Every structure is written in C-alpha cells, then in structure tokens.
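Work through the exercises below with the model open. Try each task before reading its solution.

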Amino acid sequence: MSDRAIATIFFVLIIALTLGITAWAARRNKDTAHHYVAGGEIKGWQNGLAISGDYLSAASFLGIAGAIALTGFSGFFFSIGYLVAYLVVLLLVAEPLRNLGKYTFADMLAARFNLRGVRSAAALSTIAISTFYMIAQMVGAGALIELLLGLPYVASVVIIGVLMTVYIVAGGMVATTWIQIVKAVLLISGTLALSVAVLAQFGFNPVAIFNRVEAELGPEMVLPPPPEGFVSGIDVVSLNLALVFGTAGLPHILMRFLTVPDAKTARNSIIIATWIIGLFYLMTPIMGYGAALLVGQDVIAEQNPAGNTAAPQLAGELGGPIFLAFISAVAFATIVAVVAGLVIAASSAFAHDFYTNVIRGGEASEQEQFRAARIAAVAVSLGAMFLAIFARDFNVSFLVALAFAVAASANVPTILFTIFWRRFNTAGAIAGILTGLISCIVLIILSPNILDVFPLANPAIISMPLGFAACYLGTILTGEAAEREMAEGKQISYDEIYVRANTGITRVEEELREAAPAEEPRTT
C-alpha cells in the first residue's frame, strides 16, 4: 500500500468520526442555547478537555514545533507565553465571566452596559480576532493536506472550510465540544508517542538532545537569543505580552466557560485544561529539536519555509508512513476542532449580538436567531477560506500571535475594567474595544510583515496600553453620561455586577427565577 493511500485512510477515518459526532449532535442542536453553548450542560472534566482541544491549535502542534526546529529557543517563547496565559485566565476571568455571560463575550459586557453600541463593538472585535485565528488554522491545514495527500493548497483550504461549515450548521456547540474532546485525547496521545520516539533515539535523556543541538546546530539554538538591538528586544517583550494576556480575551475560549452549569465547574475545567496544556508544551522542545536533528532544517524549510510540517516530517522519519499518517491525522483533527470553535464564536457574535440584539432589538424569534446563526457560520467560513489562500507562507504560530495581540488590546482591558472598576461606563467600554482593535490592526498592516513602516512585528506593547488608556479616558470624560445611563436603566451599578460576578448567581438562573411562578403562601 502506498504512503498516500495510508494517509488517505487515516484522514477519511478522522472525517468519518467527526461527521458521526456531528450527526449525533444534530439531533440535540434544536435551539439557540444548545447551538451557542451546548445548553450549559457540559461537565467540568469534559469542558477541561474541550478547552485544551480548543486552545491547542495548529499553532501549537505544527507552528511551535516548526519554529523551534528552525529558530531554536526563540520559537519556545510561544510555548511559555501560551502556558502562562492560562494562569491569567484562571485567576482573573473564568468565574466572573461565567456568572455574567449567557452566550457570548458581548453578553458579559451587556450585563453591565445595556446599550447596542457595546454589543456592536464586542461583536466586531470577536469577528476580527476569530478571523486572524482561523486564517492560521487554515494555513496549517492547507500545508498538511498538501504534504500528505498531494492536493493543491487551495483545494485543501476549501476542504477544511466545507467541513467546518457542516459541523457548525448541523451540530452547533454540542458537536464542537465533543470533536474538541476527541481531538484533545488524540493530540496528547500523538504528541506523547512522538516525544517518546524522539527520546528513544537519545537514550531517553532530554539533556542529550540539547547537547546534540548545541554541538551540531550552534549554541544560539538552545539559548535565549540576545536582542539584535533595542527594537528587537521590544518586539520580544511585545510578543510575550500578547501571548500572556491575549488568552483572556479570545472569544472562542471565553465561550467555553458558558457551556458549564456554574462558575465552580468553570474554574475546575480551567484547572484540568491547564494541566493538559502544560503537559503538551513540555513536549514541544523535544519535537522541535528532534525534527531539527533527525529531519534536518534544510529538509523542513524546503517542504514548508515556515516550518509548519516539521512534526509530521519527524513522524515519517521515526515511524515510517503509518506513523506519519497518524500524526498528520491528529494535526488535521486539531485544526478541524479549533476552526469549529472559531466559526461558532464568530457566527454567534454576528447572529446573537449584532443581528438579534442590535438590528432586531432583541425581538427576533428563536427560529429567526437559529437561522441567522447558521447563515453567519457559512459567511464566516467563506471569508476565512478566501483570506487563508493569500497567507500561505506565514508561520501559523506567528499568525495566531497576531490574534492574541488583537484580543489583548481590544477585549482584555474592557473585561478587567468591567469586573474591577466601579466608575467604568459605556463610553469607556466602547472606546477601549474600538481603540485597541483599530490600533492593533493598523499597526499589523504597517509592520515589517506587510508594509514595513512600523518596526515591531507584534504591536501588543503599543496597542494594549492604548486600549487601557481609551477605557480610562472614555470613562473619565463622560462621567455625567454614566450617571444618566444608570438612572435610565441602561447601565447596572458596579455593586450589583460585583455581586453577580462573585456569588455564582448567573444571569440565566436569575431569568429562570423571574419566570418561575410565585410560591403559594403556606397555611397553618
């Protein structure tokens, strides 16, 4: 049997498994609550696996391994930033978001600021972040399928786009959650198998790998690279700011906190996810350095200049076509699961936040909202496919880092001020989101990667402080407007928000209590 036939069998098995999950989930995806957040019925351990499945993307499995293989320790910065980021989520965001939110990131802000402008800004931010992230996954998918099946890059991107559209339109968040759970199990199993295979080549001594890399490829491969100048040093700091803080603002990760029944379960699921993610990132240097030594940097770069195929090439070198096909299928499942989460986040932002609550003023019927969510999923998928075709030669970890920069600049300042600042108001929320979003995207366009006008590759060190400053100035300069909003019921007091965010009484529970009939007085 040819190598390509073996690879095709593995890919078909993954597609069949995910479509089977989607068919099962489609019977449960009958209303907006299940479509957006799986009805809030996911258990803690399930959500922990799903979060890790959502978070460990093509950037982690393909991009980081390739970055380490080609650039050494500088590629490991991604692993450090992604892992530390989850501590920020755990300590600051998980429980308050679960208590204040309902379906989307914008619901959390709307819990305090009941105005259409806030929802519109939050929806715009969600769509922009999800688009950057989706492009990265599609680029990784295109490179992978091109390597294994010999299909043209454009055809590979289209295949992924069609599949993710089917998953979301038919199965919604229920299908997405279980695909992510299966993907997390496969990814950890595949990464562990690949790492053990590499370690076996060096007597199961990780230190021997580093010594060999230093001897053959140079000491700069195993040491933090000294900044080449002031701008280079600032760029490293900027990248790590984006990675550490960006996770707390990623819409598809934030939505996962709303799929569980209460805040305690959300916190427990984050703890489980952190252990899984930590285990994975401990293995990325083994895979990256193993690929550099056993496959060769020139061979990796020849196949894909950004290094996105290093892990599958390493599997082929160590285990032949069957191991190569298995690892590639795991990477494919990784991409499919993450893209599904991104599509549902972006389509929910448009359908629930913008269409239902802004355009229709909250008056859209259940069926109308459901239909809008599905149409939005198709539109988001088409947009991501189109953009990914032009981003073929970018490293996927770099592309994801840009999504983190946008999230850190636009969403994180607004989230933190909403939870922790008493005076924060609607004008500050809108100003913070739009300033962080627009400044970050403009600086990305001006960066060396596109127009080469702005010197930093990652703009978070500039755009993130601008987001915080806009939140502060927007609030300070419109203090009287906030008081009017409070009097008119358009803004809820900070004291009430603080109680909601920290007592475990969620908005959904409040709505159920309000809808329940009053108890009859007892007679004696």
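Helices here are DSSP runs of H or I with at least four residues, and strands are runs of E with at least two, numbered from the N terminus. The model is a predicted one.

**Exercise 1. The overall fold**

Task: State how many helices and strands the protein chain has, and what share of its residues is buried.

Solution: 
- Step 1. Count the elements. The protein chain has 21 helices and zero strands.
- Step 2. Apply the cut-off: buried means under 20% relative accessible area. Of the 524 residues in the protein chain, 58% are buried.
- Step 3. Residues 24 or more positions apart account for 84% of them.

**Exercise 2. The largest pocket**

Task: Describe the largest pocket by its volume, its lining residues and the class of those residues.

Solution: 
- Step 1. Take the volume. The largest pocket holds about 640 Å³ of space.
- Step 2. List the lining. It comprises 24 residues, and T71, S74, G75, F78 and L239 are the closest to the centre.
- Step 3. Assign elements. Two or more lining residues come from each of α4 (58–71), α5 (73–100) and α10 (230–246).
- Step 4. Sort by class. The lining has 14 nonpolar, eight polar and two charged residues.

**Exercise 3. A serine in α13**

Task: Is S347 buried or exposed, and what does its side chain reach?

Solution: 
- Step 1. Locate the residue. S347 sits in helix α13, residues 310–359.
- Step 2. Check accessibility. The relative accessible area of S347 is 0%, so it is buried.
- Step 3. At 2.8 Å, the S347 side chain reaches the backbone oxygen of V343.
- Step 4. Now leave out residues up to four places away in sequence. S347 then touches I168, A373, A376, A377 and V380.

**Exercise 4. The ends of α9**

Task: Compare the span of α9 with its expected value, then examine what lies at its start and after it.

Solution: 
- Step 1. Take the span. Helix α9 (residues 206–217) has 12 residues and reaches 16 Å from first C-alpha to last, close to the 16 Å expected at 1.5 Å a residue.
- Step 2. Go to the start. A side-chain oxygen of N205 comes within 3.1 Å of the backbone nitrogen of V207.
- Step 3. Go past the end. G218 follows α9, with a positive phi near 105°.

Terms used
Residues numbered from 1 in each chain as written. Predicted model: local features only at pLDDT ≥ 70, side-chain atom pairs only at ≥ 80, totals over all residues. Heavy atoms only, no water. 1 Å grid on protein atoms, 1.4 Å probe; cavity = no way out; pocket = protein on both sides within 12 Å on 5 of 7 lines; lining within 4 Å. Points joined across faces, edges and corners; volume = space filled by probe spheres on them. Nonpolar A, V, L, I, M, F, W, Y, C, P; charged D, E, K, R; others polar. Buried < 20%, exposed > 50% of the residue type's maximum accessible area, 1.4 Å probe, protein only. Polar contact = N/O pair within 3.5 Å; in protein donor to acceptor, adjacent residues only side chain to side chain. Contact = heavy atoms within 4.5 Å. Expected span 1.5 Å × (residues − 1).
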